[in-house]
Amino acid sequence: MIFFRTLFLSLFLSFGHVLSLQAQEYQSFESFDALKAYAFKNNDTTYIVNFWATWCGPCVKELPYFESVYRSYASEKVKLILVSLDFLNKIESHFIPFLNEHHFSGEVWLLRDRRFNKWIDEVDPSWSGAIPVTLLIKGGLRKFQEGEFSSEEDLSIFVQDFISQSK
Amino acid sequence: MNILIFILAHLVLTVTHQGYQPGDVATDFSLKSTDGKMVSMKDFPDAKGFIIVFTCNHCPFAIKYEDRINDLAKRYKPQGYELIAINPNDPEVQPADSFEAMQVRAKEKSFAFPYLFDEGQQIFPQYGATKTPHIFLLDKERVVRYIGAIDDNVEDATMVQEKYLENAIAALSQGSLPEPSVTKAIGCSIKVKK
């Protein structure tokens with residue numbers, strides 16, 4: 001009986017261990033051009049694209065808002081893409097542990113292109129160069145915001161307005 | 001209605017374009033340095049130009065550029081270009097950027113340049129700085145000649161392909177205008193009093 005209990009306990013513990021080690025997958029892009037070539041192909045899908053990094057306090061604070069708003073559109077053609085600009089020497093030590101801790105339901109992309117001045121205008125010409133920024137895309141329509149959202153409701157209204165305009 | 005939208009759009013544009021453009025004359029300042037002295041550009045009457053760096057303690061981009069900023073200060077001082085760093089952040093919003101914390105950092109890193117505190121946040125809005133680090137290169141008449149980033153690789157100085165600031169100083173030294181004269185400074189947003 002003790003044997004079975006121990007077996008059960010050890011199975012349970014090892015199962016828990018596997019769960020906690022389960023890694024969140026992420027896509028890595030060497031260049032902004034590579035990301036562009038891959039991204040945003042379905043014209044009838046609304047893409048919510050957020051640029052963030054684990055070292056950016058306001059970014060980390062608003063990530064749960066994105067997850068929650070994204071879940072509220074689960075039955076619609078909406079995709080959440082979290083584009084990380086994390087430092088390349090902090091991927092193993094900060095970025096991956098952060099992902100495994102949070103398990104985002106949106107897709108996580110890591111953009112490794114550091115020549116910001118070559119590509120940030122393509123995201124939006126008004127992007128000053130700080131994060132977070134958020135870009136909504138559907139077909140040829142775009143909506144951009146620099147700076148964090150003050151609340152989940154704030155983000156929800158931002159997305160809702162865009163979706164109703166683009167219908 | 002259309003006119004209203006036009007006026008609103010115009011207002012937004014005007015607001016976002018506040019601050020200096022190349023060709024504008026930059027204001028001097030008198031700000032407290034980490035050594036307790038007040039520092040102004042007029043303290044350097046023989047300077048050929050000024051490298052004004054809005055930077056801070058806490059921002060990971062500012063930290064990545066710290067050693068490069070220190071090197072630039074040492075390298076360009078003998079050539080007549082004074083590098084002056086200004087912390088524009090409100091310490092109530094970001095305690096790591098307090099004057100006391102600046103003093104600690106300046107000592108730890110042996111800063112070869114004055115590190116000033118924009119107390120009351122009066123100077124950075126006039127320049128139009130929005131990030132740390134954010135560079136304004138001025139000639140000896142305090143005319144703004146270059147605004148933006150130091151170079152094109154925040155993470156790895158050895159991987160830099162374009163040294164925007166150094167190229168701009170070289171152009172200025174040869175009596176020509178920097179090209180590009182504006183790049184986007186990449187970094188942390190300046191923390192404004194709430």
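**View 1. Y47(A) faces I137(A), its opposite residue in β5(A).** The model is predicted: local features need pLDDT of at least 70, side-chain atom pairs count only at pLDDT 80 or more, and totals for chains, interfaces and linings use all residues. Residues are numbered from 1 along each chain as its sequence is written, while chains are lettered from A and ligands numbered from 1 in the order in which they are written. Strand β2 of chain A covers residues 46-52, and β5 of chain A covers residues 133-138. The two run antiparallel and share five bridges (strands pair if DSSP finds at least two bridges between them). Helices (H or I, at least four residues) and strands (E, at least two) are DSSP runs, numbered from the N terminus.

**View 2. Six strands of chain A form an open sheet with mixed pairing.** The strand order is β1-β4-β3-β2-β5-β6. β1 (27-29) and β6 (141-146) of chain A each have a single partner strand, so one side of each lacks a neighbour in the sheet. Direction ignored, neighbouring strands are turned by 20° against each other on average. Along the sequence, chain A reads α-β-α-β-α-β-α-β-α-β-β-α, with six helices and six strands in total. Of its 167 residues, 28% are buried (20 or more other C-beta atoms within 10 Å; exposed means 12 or fewer, partly exposed in between; C-beta atoms are placed from the backbone). Among chain A contacts with a separation of 6 or more, 72% join residues 24 or more positions apart (a contact puts two C-beta atoms, placed from the backbone, within 7 Å).

**View 3. A hairpin joins β5(A) and β6(A).** These strands pair in the antiparallel sense over six bridges. V133(A) has E146(A) in β6(A) as its bridge partner. Two residues lie between the strands, and G139(A) takes a positive phi near 55°. The peptide bond from I131(A) to P132(A) is cis, with omega about 10°.

View 4. Angles run from 0 to 180 degrees between N-to-C directions of axes fitted to C-alpha atoms, for helices over the stretch in contact. Y65(A), F66(A), S68(A) and V69(A) of α3(A) meet E152(A), L155(A), S156(A) and V159(A) of α6(A).

**View 5. Loops of chain B hold S110(B) and R142(B), two non-glycine residues with positive phi.** S110(B) has phi of about 45°. Its loop runs between α3 (99-108) and β5 (115-117) of chain B. S110(B) counts as exposed because it has 7 C-beta neighbours inside 10 Å. R142(B) has phi near 65° and sits in the loop between β7 and β8 (144-148) of chain B. With 18 C-beta neighbours inside 10 Å, R142(B) counts as partly exposed.

**View 6. T132(B) and P133(B) are joined by a cis peptide bond.** Omega is about -10°. P133(B) occupies the loop between β6 (131-132) and β7 (134-139) of chain B.
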